[in-house]
Amino acid sequence: MRVRSLLPFLPVLVLVALVGALAGGLIWNIGNVPEPLVGREAPDFDLQDLRDPETRFTRADMLGEPVLVNVWASWCSTCRQERRTLVALDRMGIPVFGLNFRDDRDQAVAYLDSGSDPFAAVGFDPYGRASADWGAHATPVTFLVDRHGVVRFKHVGPLHADLVNRHLIPLYQQLQVES
């Protein structure tokens, strides 16, 4: 009797199981896709400085020591959340550079002027072309680049304390001592 009472629900149960299996497969695959830029030379770029359009900001400006590169925008709510973390990293002596992604220059400068500015320099990327070369198609995205210009770490989304303390800072410190 119990089996017959479940028969009308069998197609729904099969569908739920199938959707669950497919979703699980997608999540596993997305999480296991290797990041093509990590371990490779950071893309070359030549952008106007956000604050001073007469000044250029290039990949060469970041060579010589490990640095963070953060792709951000003034309209990005998660970038606002992560700002305190970037400021803290800057105060720790970790150089932070920015790529301003698909933004209005005046709004981006006003955003930086509204609080602590963690960036040593910011490249203005109004069309997102340089950011796309870095594999950033949304914001925020943070990279750790070694002194030779090789990308050693990439994180999509806002930086959080656990990630920074367990992975980013130890890797930065390791890169500082490498020759």
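Guide: This is a predicted model. Start with Arg 102, which sits in the loop between β4 (96–101) and α4 (105–113).

Visitor: What is the phi of Arg 102?
Guide: Phi there is positive, about 45 degrees, and Arg 102 is not a glycine. Most residues other than glycine have a negative phi.

Visitor: Okay, peptide bonds next. Which residues does the cis peptide bond join?
Guide: Thr 139 and Pro 140 are joined by a cis peptide bond, with omega at about -10 degrees. Most peptide bonds are trans.

Visitor: And where is Pro 140?
Guide: Pro 140 lies in the loop between α5 (129–133) and β6 (141–145).

Visitor: Now the inside. How many cavities of 30 Å³ or more are there?
Guide: The structure has one. The largest cavity holds about 60 Å³ of space.

Visitor: Which residues line the largest cavity?
Guide: The lining consists of Asn 70, Trp 72, Cys 79, Glu 82, Arg 83, Leu 86, Tyr 111, Pro 118 and Phe 119.

Visitor: Which elements each supply at least two residues of that lining?
Guide: Those are β3 (67–72) and α3 (77–91). The largest share comes from α3, with four residues.

Visitor: How does the lining split by class?
Guide: Six lining residues are nonpolar, one is polar and two are charged.

Key. Residues numbered from 1 in each chain as written. Predicted model: local features only at pLDDT ≥ 70, side-chain atom pairs only at ≥ 80, totals over all residues. Heavy atoms only, no water. 1 Å grid on protein atoms, 1.4 Å probe; cavity = no way out; pocket = protein on both sides within 12 Å on 5 of 7 lines; lining within 4 Å. Points joined across faces, edges and corners; volume = space filled by probe spheres on them. Nonpolar A, V, L, I, M, F, W, Y, C, P; charged D, E, K, R; others polar.
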